[in-house]
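Here is a briefing on one protein chain. Please keep the sequence and the 3D view open while reading.

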Amino acid sequence: MTRRRVLRGAVALVAVAASVLLLGATATPTPTPTPPPVADDPADPVRAAEYWLDGAGIRDAWQTTRGDGVTIAVIDTGIGKVPQVFDDAVVGGTDVSGAGTPDGRTPLGAVDGNHGSWVASLAAGRGKPDGTGMIGVAPEADLLSISVGFGAAAAVPFTEQVAKGIRWAVDNGADIINLSFTTNTLDWDQSWDDAFLYAFEHDVVVVVAAGNRGSGTNIIGAPATIPGVLTVGGVDQTGTASVEASTQGITIGISAPSEGLLGVSADGEVVSWSGTSGAAPIVAGVAALIRSAHPDISANDVINRIIKTAMPVADAQKPRDPLYGFGLIDAKAAISANLPSVSENPMGDLSEWVRLFRRADSEPTPEPSLAPVEVPPLPDADAPSEPGSPLLPSADSLRYGTLPLVALTVPGILIALGVTAAARRIRSARVPVRHNPDSEE
């Protein structure tokens, strides 16, 4: 919660307490005075073309607040210096692309240069004093212009620009950050983890466009896939999901008009355009109305009010549809509803996601500190013998070859001779003595 909103809430509490003291114990607090009517000429063709002012309950919400005291940061191609529309609306800015001017007001990109001005005019364009011309959803909110460069317009890597832009916005008092772009990839650079967590930890609402099929986005991509952001899908003038000017995905939280939109270009010309790039600032403007009407409300409660009071879509999946999210934006209901406070972001917890899915940097394995083992010295080797004739046996050959062979051979020979002699005696003993009958003794 920013210091400005804390002070505004404190002033309101002091005023209520003072009225009770003056009127006595039985008195009721004085209701918040209704602001004077917005200079609004419905007969003006430009105002009449802003169909979302009535369709999304924005004109009704103006009876309570117009966003005073709330700051919306537009991280885009830069908000042009258009008299009346932005003169007193833009209270600060910077360039993170390396190609713009220090105030972030110079449009960047030959093709997308007006994009940031269109986005800002939908969120908080002032309109003309006579009630004609383009007017934003929160015409009394302040704007921060943070210029980024896309593609060739960037001298700094885009992921680095976004991370730096978010931190600058938070440090310079943003209550709401609008991101009307997509990377067309489900994943995001790891540097965005810390940047988006920085915004959430400082109680900032981050509103993100879902992307458009007409631009090649068949399914949502980062930053619309980051847990905790409020992703906005698009519908046409009848409240039906847009085929070209929106996409689909399970992280879509709310839907807002994305077809037949108006925007003020950097040169002041009012043009027609389409896309969730325009639906997102409509929702960002509604978030500003909520924070202005409820100065002490948290970012989580702002998001919860938006999704809990959404207008249901007949054929949409319940409770959440991949085309419509929780339903269509309803500014009047989001401001006036009596809802309990929530302790968690309904769009998810980025810190928990990081804990589960990011691999922590592993610390190097410590080297083992083992003491060296002392090995006793080996005995000295025998002195080399004098070289002899290769034809004569060496001492080792006599010791380990000749002598064992003789020792085994001689007994074997003796045994063999003994066996042979014994065999001869036996054979001679068996020969019979022949008797001669003619001989006489």
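The model is predicted. Its chain has 12 helices and 9 strands. Of the 441 residues, 44% count as buried. Among contacts with a separation of 6 or more, 75% join residues 24 or more positions apart.

**Helix α8**

- Helix α8 covers residues 276-293.
- Its 18 residues should span 26 Å at 1.5 Å a residue.
- Is α8 enclosed or open? Of its 18 residues, 17 are buried, so the rest of the structure largely encloses α8.

**α8 against α5**

- Two packed helices are described by the angle between their axes and the distance between the axes.
- Helix α5 spans residues 115-124. The axes of α5 and α8 come within 7 Å and cross at roughly 35°.
- The crossing of α5 and α8 is right-handed.
- On the α5 side, the contact uses His-115, Val-119, Leu-122 and Ala-123. On the α8 side are Ser-277, Gly-278, Pro-281, Ile-282 and Gly-285.
- By class, this contact of α5 with α8 holds 5 nonpolar and 4 polar residues, with no charged ones.

**α8 against α9**

- Helix α9 runs over residues 299-308.
- The α8 and α9 axes come within 10 Å, with a crossing angle of roughly 120°.
- α8 passes α9 in a right-handed sense.
- From α8, the contact residues are Val-283, Ala-287, Ile-290 and Arg-291. They meet Ala-299, Val-302, Arg-305 and Ile-306 of α9.
- The contact of α8 with α9 divides into 6 nonpolar, no polar and 2 charged residues.
- An α-helix has 3.6 residues a turn, so residues three or four places apart point the same way.

**α6 against α7**

- Helix α6 spans residues 158-171, and helix α7 spans residues 191-201.
- Their axes come within 9 Å and cross at roughly 15°. Angles under 35 degrees count as roughly parallel, so α6 is roughly parallel to α7.
- The crossing of α6 and α7 is left-handed.
- α6 contributes Phe-158, Thr-159, Val-162, Ala-163, Ile-166, Arg-167, Val-170 and Asp-171 to the contact. α7 contributes Ser-191, Trp-192, Asp-194, Ala-195, Phe-196, Tyr-198 and Ala-199.
- The contact of α6 with α7 has 10 nonpolar, 2 polar and 3 charged residues.

- Which residues of α7 are buried? They are Trp-192, Asp-193, Ala-195, Phe-196, Leu-197, Tyr-198 and Ala-199.
- The cover over the buried residues of α7 includes α6, β4 (176-179), β5 (205-209) and α11 (350-357).
- Just after α7, Asp-203 has a positive phi of about 65°.

**Ser-121**

- Ser-121 is part of helix α5.
- Its relative accessible area is 0%, so Ser-121 is buried.
- Beyond neighbours within four places in sequence, Ser-121 is in contact with Phe-86, Met-134, Ile-135, Gly-136, Gly-263 and Val-264.

**Ile-307**

- Ile-307 sits in helix α9.
- Is Ile-307 buried or exposed? Its relative accessible area is 7%, and buried means under 20%, so Ile-307 is buried.
- Not counting residues up to four places away in sequence, Ile-307 touches Leu-230, Gly-253, Phe-326, Pro-346 and Met-347.
- Ile-307 and Leu-328 are 21 residues apart in sequence. Their C-alpha atoms are 8.5 Å apart in space.

**Gly-239**

- Where does Gly-239 lie? Gly-239 is in the loop between β6 (230-235) and β7 (252-257).
- Gly-239 counts as buried, at 16% relative accessibility.
- Setting aside neighbours within four places in sequence, Gly-239 is in contact with Tyr-324 and Leu-328.
- Gly-239 and Gly-327 are 88 residues apart along the chain, and 9.6 Å separates their C-alpha atoms.

Methods:
Residues numbered from 1 in each chain as written. Predicted model: local features only at pLDDT ≥ 70, side-chain atom pairs only at ≥ 80, totals over all residues. Heavy atoms only, no water. Helix = DSSP H or I, 4+ residues; strand = E, 2+ residues; numbered from the N terminus. Expected span 1.5 Å × (residues − 1). Buried < 20%, exposed > 50% of the residue type's maximum accessible area, 1.4 Å probe, protein only. Axes fitted to C-alpha atoms, helices over the stretch in contact; angles between N-to-C directions. Parallel < 35°, antiparallel > 145°, perpendicular 65-115°, else oblique. Left-handed = near helix turned anticlockwise from the far one by under 90°. Contact = heavy atoms within 4.5 Å. Nonpolar A, V, L, I, M, F, W, Y, C, P; charged D, E, K, R; others polar.
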